[in-house]
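Colleague: I am new to this structure, and I would like to learn how to read its features one at a time. Could you take me through them slowly?

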Amino acid sequence: MNDMNHDSYVTPDGRTIGPVMMEVQNITLRFGGVVAIKDISFDIREGEIRAIIGPNGAGKSSMLNVINGFYHPQEGGIYFRGEKRGPMKPYQIAQQGIARTFQNIALFKGMSTLDNIMTGRFTHMKAPVWKQALWHGEAEREEIENREVVEKIIDFLEIQAIRKTPVGRLPYGLQKRVELGRALAAEPKLLLLDEPMAGMNVEEKEDMSRFILDVNDEFGTTIALIEHDMGVVMDISDRVVVLDYGRKIGDGTPAEVIANPEVIDAYLGVSHD
Amino acid sequence: MLYREAGDYKTSYTDDAQTFPIKLDRWWYYAVVFVAFCIVPFVLTDYTVNAIMLPFLIFAIAALGLNILTGYCGQVSLGTGGFMAVGAYATYKLMTAFPDLNIFFIVILSGLITAIVGVLFGLPSLRIKGFYLAVATLAAQFFLVWLFNKVPWFYNNSASGQISAPERTIFGQAVTGPNAEPWVAYLFCLIFVFTLAWLTRNLTRGRIGRSWMAIRDMDIAAEIIGVNPLRTKLSAFAVSSFFIGISGSLFFAVYLGAAEVGEAFGIQKSFLVLFMVIIGGLGSIFGAFAGAAFMVLLPVFLKIFFVDTLGWPTDIAAHINFLIAGGLIVFFLIVEPHGLAALWRTVKEKLRLWPFPH
C-alpha cells in the first residue's frame, strides 16, 4: 500500500494520475449524539477527478466541510502532501491551495462577475493597504496583472458578456459557472466541488462536465466533487468513494463501484425476502 | 444623447478600471472639482459656509467613513457620534498640549487615535452580527460620551466642562478660532473631503475593498477564498473610524469652535450619519455625498421656504421641518430602498438610451 502511494499510473483514457495528494484518515465527526461521519478514510491523488457519492444525509458535504476546516472532526486526521494538518481556520486552508464551490450558490451578490472572480485572486495579491489606498505602483500593477489572469478564466468559461453584470441578476446556470470561476481564480491545487450540477438541465450539465474535464486537463487541477447524477459521475471521474449513513461502503473505479452489491443496496434499496 | 459609452473604447485594463469610464461623467467630475476649489471660495458668505458648506463637507466625511463600515463591510454601527467625539477630544488635547503643531497634522493624528479606539470597539464584531453588533456599538457611543463627561483630564479641568478650539493658522491664515475667514475654513475642509473621497474610491475598488464586500455579502464564501474575517472587519473599523475621527475633529475645531460632548456628539449624531448613509445609498461614494447633502440642505430649504417666504413663526416651521423630513425619508426608502445613489444610477441608465429608448 505504502509504495503505491508514491507511484503514478496512467488511466485507460491516457491521463497521468500522480501520487497521493491528500489522505483522509479515520475521520469521525459527531454533532452531539449524532454521528455524521464514522471512521472514514480515503485518499485523493494528484491530477485525478475523485467523486464522492451517496444518498442524502450520507455525510458528503460534511466531509468537504472537514477538508475545508469548517468542521473539526473529533477523531482522525488529514494529511496534505504527506504532512499532517494541525487545527487550521478555513482561510488558512485556502492559503494552502484548496478552493471550493458550494451546493447552494455562495456568490457575493452585490458585486459584478468580474469582482467576484477578482476576489478569488485574494491570496495572490500582496500590496500593502497604504499602497492600495494611493492606487500607486505595486498596488496598481498587481491589480492589472491579476485582471489579466481573471480575464483568461472569463474566456475559458465563456462568460465575457456578463463580465460587468451584478451576479444577483444572472440565471442559475451562469451563477454556478461564475462560482467555479471564482474558485479557479485562486489557482488551487485541490478543487472541491459540492454538487456543481445540481438543478441544471441536460445541456447545462454537459457544459459544466466539459469545464470540469478541461480544468483538470489544462490546469492539471486535482478535483474532488460531490454529485448525484450517476451518469455524469461514471463519465468524468477516475475514482469514486461511496458513503452511506456516514460510513464508507465503496471505493474504486466507477466500474468497480457500480458492481458493488452494497452500493446497489444503498441506492436501489434492499429486498427483504 | 451625449451621455453614452458608445465609441468610447477601452484598450487597456487601466482604462477600464478607472473611476469614471464614461467621458461625460469624467468632464462633469472635473467641472465639479474645479468649481469647488476655484470658484466657490470667492462667492462664499458667512451664512452659506456656516449653514450649508461646512456641515455638508464635514458630514460627508463621516458618511464616507460609516459607508465603508456599514455599506461596504456590512457591519452596522451606532457609535458614530462617540467616535466623532474621540476625534474632537483628541484634537483638543493635541492642540492644547502641542501649540506649535500644525492643525493639519493634528486633524490627521486625531483620525489615527480614533482608528485605534474604533478597532478596540470593533473586536466584538467577530462574534456578533447585525442588530446585536449595532447594540454593541451603541454601548461604545454611550461609554465614550460618559467618559468625556466624567474625566476632567479630557477637557483640561475647565469649569464649564466644555472644550474650545484655540486659534491655529496655516500659511498665516487662521483656520480655527473666532478669526477664521469662511473661505479658509471651507478650503481646509474641502481638501480633506477631496482626499478622503479619493482614498475611499481606491480602497473600495482594490483588494481590500473586495474583501470587505465579500465579508458583507457572504462571509463563509469569503473565508473559503482566504479572507481572514477578523482582520478584514477590523481593517474596516480602523479605516471607518479614521474618517469619522477626522470629521469629528473638523466638526469641533473648524465648525463649532466650542463643544460639550453630550450635546455635540450624542446619539442623535450617530443616527443622523446612519440616515445619511441609508438615504444616500449603502456602498456608494456618491451616496455618502448625496445623503449628507440631503440631510444638511433639507432643513435649510424648508426653513427658507416656511419662515422667509411664507412668514410662519420659527417654532411652527421647525416642527413642520421634522414632519416633512421624516415623511421624505420614508417616501425615499419606499420608492428606492437602495438610496439616492440607486435613483441616480437609474436616471443615468435611462439617459444612456435617451432619446431613443428602443
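**Reading the model, residue by residue**

Modeller: Leaving aside its neighbours within four places in sequence, Asn26(A) is in contact with Asp39(A), Ile40(A), Ser41(A), Glu75(A) and Gly76(A). Please keep in mind throughout that this is a predicted model.

Colleague: Where in chain A does Asn26(A) lie, and is Asn26(A) buried, partly exposed or exposed?

Modeller: Asn26(A) belongs to strand β3 of chain A, which covers residues 20-31. A residue is called buried under 20% relative accessible area and exposed over 50%, with partly exposed in between, so Asn26(A), at 38%, counts as partly exposed. For a sense of distance, the C-alpha atom of Asn26(A) is separated by 38 Å from that of Phe156(A), which is 130 residues away along the chain.

Colleague: Which residues does Thr123(A) touch, if those up to four places away in sequence are not counted?

Modeller: Thr123(A) touches Gln95(A) of chain A, and also Ile225(B) and Gly226(B) of chain B. Thr123(A) is placed in the loop between α4 (113-119) and α5 (129-134) of chain A, and because its relative accessible area is 19%, under the 20% limit, Thr123(A) is buried.

Colleague: Turning to chain B as a whole, how many helices and strands does chain B have?

Modeller: Chain B has 15 helices and four strands. Its radius of gyration is 21 Å, close to the 21 Å that the globule rule gives for 358 residues, so chain B is as compact as a globular protein of that length. Along the principal axes, the C-alpha trace of chain B spans about 70 × 55 × 45 Å, and 50% of the 358 residues count as buried.

Colleague: What share of the contacts in chain B between residues at least 6 apart in sequence join residues at least 24 apart?

Modeller: The share is 73% for chain B.

Colleague: Which residues of chain B does UniProt list under "transmembrane region"?

Modeller: The UniProt record, an unreviewed entry, lists several ranges in chain B under that heading, including 27-45 and 51-69. Over residues 27-45 of chain B the model is 89% helix and 0% strand, with the end C-alpha atoms 28 Å apart, while over residues 51-69 of chain B it is 100% helix and 0% strand, with the end C-alpha atoms 28 Å apart. Ile39(B) lies in helix α2 of chain B, residues 23-43, and is partly exposed, with a relative accessible area of 39%. The C-alpha atoms of Ile39(B) and Trp153(B), 114 residues apart along the chain, are separated by 43 Å.

Colleague: What is phi of Asn157(B) near, and what is phi of Phe171(B)?

Modeller: The general idea is that most residues other than glycine have a negative phi. Asn157(B), however, has a positive phi near 55°, and Phe171(B), which is not a glycine, has a positive phi of about 50°. Asn157(B) lies in the loop between α6 (130-150) and β1 (163-164) of chain B and is exposed, with a relative accessible area of 59%. Phe171(B) is found in the loop between β2 (169-170) and β3 (173-174) of chain B, where Phe171(B) is exposed, with a relative accessible area of 84%.

Terms used: Residues numbered from 1 in each chain as written. Chains lettered and ligands numbered in written order. Predicted model: local features only at pLDDT ≥ 70, side-chain atom pairs only at ≥ 80, totals over all residues. Heavy atoms only, no water. UniProt positions renumbered as here; feature names shortened; annotations may be inferred. Helix = DSSP H or I, 4+ residues; strand = E, 2+ residues; numbered from the N terminus. Rg over C-alpha atoms; globule rule 2.2 N^0.38 Å. Buried < 20%, exposed > 50% of the residue type's maximum accessible area, 1.4 Å probe, protein only. Contact = heavy atoms within 4.5 Å.
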